[in-house]
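Please look at the sequence and the model before reading on.

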Amino acid sequence: MYDKAMLKKLDIPALPKSRNEDAYKDEEIGFIARSALAMDRNLLIVSFYERGSAANGFPLPVAVLYITKTEYTTRLTKDGSQCWRTGTIRRVLGLAQIYTGPPKVVCLRDSDDDRIRRFLRTDRAKSHGKPAGIDYYIQDYQHTLLEKRLVQTHALKRQAYETLMATVPPLPESFDRWLDNGPLKKSRYIFYKRLNRKSATGYCSHCRSDTPVDVAEARHNKAGTCPKCGSPITFKAVGRSTGLIDMVNTCIIQKTTNGGAVLRYFLLIRDYRTNGNGWQPECSYRNWREYVDEPARLLLDESGKITGTYRCRYLPMLHGYGYGHCRDKLLGPDRNYYKSYMGAWGGLSINIWFRPVQLYPYNLRGVLQRYNLSFSLLQDIKKRQPLDVTTYLCQSIRYPVTVTFEKLGLSRLAEDMLIYGEVPHVYHPTGSLHRRLGISKEHLALARKHDFTVYHLNLLTSSAVKPSLDDLLWLGDQKVSYEVINKILIFTTMHKIRKYLQQQLEKADLNSYYLRYGDGSPAEILAGYWADYLEMSSTLEFNTKKWRVLFPKDVKDQHDKVRALVRVKHDPVMDEKIRKQYPTLDKKYSYGNDAYFLRPPMNFDEFVEEGAELLHCVASAGYFRGHVEGKSYIFLVRKREDPDTAFFTMQYNPQTRIVNQLRGYKDKGASEEVVSFRDEWLASMGVVPAKKAA
Ligand SMILES: [Zn+2]
């Protein structure tokens with residue numbers, strides 16, 4: 001497009017001073033247009049005047065459109081200032097949503113109309129049976145320009161894309177053979193049928209031929225050998241394995257022609273299903289199908305940096321499927337976030353880049369050589385398959401020192417870095433080994449002796465308080481992170497943290513969903529709940545110095561209850577009602593003996609505190625509503641000797657004069673003493689206690 005500063009200098013077609021034309025008076029018209037040509041008739045300028053203000057003599061247009069055979073732009077005056085717009089004219093003028101009715105934009109003179117039409121090469125046409133407004137002609141023209149431009153951008157993108165994908169070499173010839181003999185080796189079956197007591201017939205999926213089967217050999221799911229091709233197979237009784245399907249994730253790393261590498265991920269499916277497959281009713285074990293899918297590609301440059309993540313999807317520029325760039329972030333501090341995601345059924349799935357895969361091994365030497373990596377990695381990869389190859393390869397390129405760690409006896413550290421993508425909190429890329437890890441020589445010796453993990457090292461370098469060796473070893477072995485420990489250290493000591501976590505871990509059900517699928521080791525998850533709970537507790541101004549508050553019996557349980565309390569926001573209206581009610585209730589119901597007393601809560605916060613201290617639902621379940629409505633009162637039962645600490649909470653129905661609930665810490669029932677105190681209180685009001693109450 002022409003330079004905008006230059007466009008601004010051009011004269012814009014103005015309205016004549018006299019405003020006598022009929023168009024000014026027609027209330028249905030929104031804008032009046034005038035036109036002019038410039039730049040050797042290569043540029044059309046159309047100015048749009050708001051009809052109402054123009055009729056009153058206002059001289060300036062609201063919008064000026066500059067349009068050539070290839071481009072357009074509009075200068076819009078809005079709220080007194082000017083801006084450039086790239087939208088089509090109807091959008092810019094705010095007419096995009098108006099489809100019917102008389103023209104909203106008209107030209108002042110027929111000569112304006114003719115000029116515009118000649119430039120756009122359009123005939124006088126009709127819209128909805130009426131002469132179309134000039135805005136429609138301009139918009140149509142703008143749409144054709146847009147389409148032309150889109151085709152051009154697609155062509156450019158397509159060229160860049162094809163150049164990039166051409167750097168990916170074809171698959172090695174032995175790839176298919178490897179799939180068959182490696183990852184899919186177990187996917188070989190003989191489907192057998194017993195003919196009579198002595199004979200059976202089978203069909204081998206590997207050599208795809210019928211074969212007699214030894215009756216004594218053939219047992220469902222038993223391993224055997226195909227008499228025809230000699231391959232190891234698994235027997236499957238016909239009719240008993242109708243839903244058989246094998247799926248394998250594999251990967252191949254190849255050198256690209258531009259000096260980098262590409263990781264290509266494959267999903268292989270062998271489908272032996274013989275029923276429940278509506279779209280292919282003819283399917284049987286004899287015509288089993290194989291699907292090979294390459295859902296993703298990851299490109300690395302010569303330094304090992306990820307240059308692009310590509311997933312297979314529909315690409316408009318190709319008018320078909322191809323590898324579209326996606327912004328998945330695989331490295332960096334928030335990498336873990338991308339490692340898994342919640343699937344459609346609420347289950348946790350591993351993101352495609354981090355799935356454990358079988359890696360094609362025969363071309364790896366070349367790839368490792370390209371990145372100056374030790375060949376010992378090759379052995380390691382082979383040993384560990386299936387493996388998250390993405391993390392393994394990217395980390396070994398970033399931290400070649402891991403090979404040294406392995407040799408020095410720091411194999412767990414190497415594993416944390418290569419397999420799990422963890423990196424020590426303190427890490428310097430150069431210098432002697434202990435300096436790189438930010439520890440002393442003595443600590444390095446200790447680390448080698450006990451085969452430290454990243455977690456051990458982080459505790460040494462990042463905690464304000466230095467742990468004792470025992471605590472360090474335990475916490476590091478359990479993979480508890482220093483971030484969580486530091487949060488808890490505000491409240492207690494390192495030693496007590498270790499003791500408490502140990503005790504919680506022993507009690508915890510390791511099969512529970514939150515421990516199995518949470519982020520981190522079970523001890524780390526429990527520590528996380530604890531830290532979170534303590535933080536909420538101090539927000540709620542609980543006394544975290546108290547043993548019971550600091551070391552709850554069941555940390556997950558306690559965490560969930562306190563979180564429910566945090567959700568109960570302070571309610572000033574409710575607070576006011578509770579305060580107003582207090583004197584009356586106090587006068588009528590408050591009671592005490594030598595050991596205990598009871599009273600109504602004084603304000604809203606007391607409700608919350610009661611629930612939080614005793615961990616029951618008095619606040620979170622909203623019992624305060626019944627309390628202020630007078631349907632069921634809540635009373636606080638306390639010990640004389642400890643009047644400020646929550647003890648028991650009572651729910652009393654004034655209509656039936658029955659105590660519905662009397663609950664203590666974690667919804668516990670009352671002791672005999674407390675029950676007799678309750679009865680004493682009821683008797684003082686002339687109520688004979690019902691036997692089943694509480
Ligand atoms: Zn066979």
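Which residues are buried in α15? In this predicted model they are Val454, Tyr455, His456, Leu457, Asn458, Leu459 and Leu460, where buried means that 20 or more other C-beta atoms, placed from the backbone, lie within 10 Å of the residue's own. Helix α15 spans residues 454-462 and is mostly covered, with seven of its nine residues buried. Its buried residues pack against α12 (411-418), α14 (441-450), α16 (469-477) and α17 (482-488). Helices (H or I, at least four residues) and strands (E, at least two) are DSSP runs, numbered from the N terminus.

Because the model is predicted, local features need pLDDT of at least 70 and side-chain atom pairs count only at pLDDT 80 or more, whereas totals for chains, interfaces and linings use all residues. Residues are numbered from 1 along each chain as its sequence is written.

**Domains**

The protein is divided into domain 1 (4-146), domain 2 (181-332), domain 3 (463-564) and domain 4 (568-684), with bounds that come from an automatic or database domain assignment. Between the C-alpha centres of domain 1 and domain 3 the distance is 69 Å.

**Helix packing**

Two helix pairs are set out in the table. Axes are lines fitted to C-alpha atoms, for helices over the stretch in contact, and angles run from 0 to 180 degrees between N-to-C directions.

| Helix pair | Angle | Axis distance |
|---|---|---|
| α4 (110-120) and α5 (134-165) | about 20° | 11 Å |
| α16 and α18 (494-507) | about 45° | 10 Å |

α4 and α5 are therefore roughly parallel to each other, while the angle between α16 and α18 makes that pair oblique; angles under 35 degrees count as roughly parallel, over 145 as roughly antiparallel, 65 to 115 as roughly perpendicular and the rest as oblique. The crossing of α4 and α5 is left-handed, and α16 likewise passes α18 in a left-handed crossing, a term for a near helix turned anticlockwise from the far one by less than a right angle.

On the α4 side the contact with α5 is made by Asp113, Ile116, Arg117 and Leu120, and on the α5 side by Ile134, Tyr137, Ile138 and Tyr141, contact meaning that two C-beta atoms, placed from the backbone, lie within 7 Å. For the other pair, Asp471, Trp474 and Leu475 of α16 meet Met494, His495, Arg498 and Gln502 of α18.

**Sheets**

An open sheet of five strands has the order β11-β10-β9-β13-β12, with mixed pairing, where two strands pair if DSSP finds at least two bridges between them. Its edge strands, β11 (209-214) and β12 (223-225), each pair on one side only, and neighbouring strands of this sheet are turned by 40° against each other on average, direction ignored. Strand β10 (residues 199-204) pairs with β11 in the antiparallel sense over six bridges, and Ser199 has Asp214 of β11 as its bridge partner.

A further open sheet, also with mixed pairing, consists of six strands in the order β18-β17-β16-β15-β14-β21. β18 (320-326) and β21 (358-359) stand at its edges with a single partner strand each, so one side of each is left without a neighbour in the sheet.

Within this sheet, β15 (residues 261-271) and β16 (residues 289-300) run antiparallel and are joined by 10 bridges; Val262 stands opposite Leu299 in β16, and the bridge partner of Leu263 in β16 is Leu298. Strand β16 also pairs with β17 (residues 306-315), in the antiparallel sense over five bridges, and here Leu299 stands opposite Gly308 in β17. The hairpin of β16 and β17 has five residues between the strands, and in this hairpin Gly304 takes a positive phi near 95°.

Notes: A residue is buried if 20 or more other C-beta atoms lie within 10 Å of its own, exposed if 12 or fewer, and partly exposed in between; C-beta atoms are placed from the backbone.
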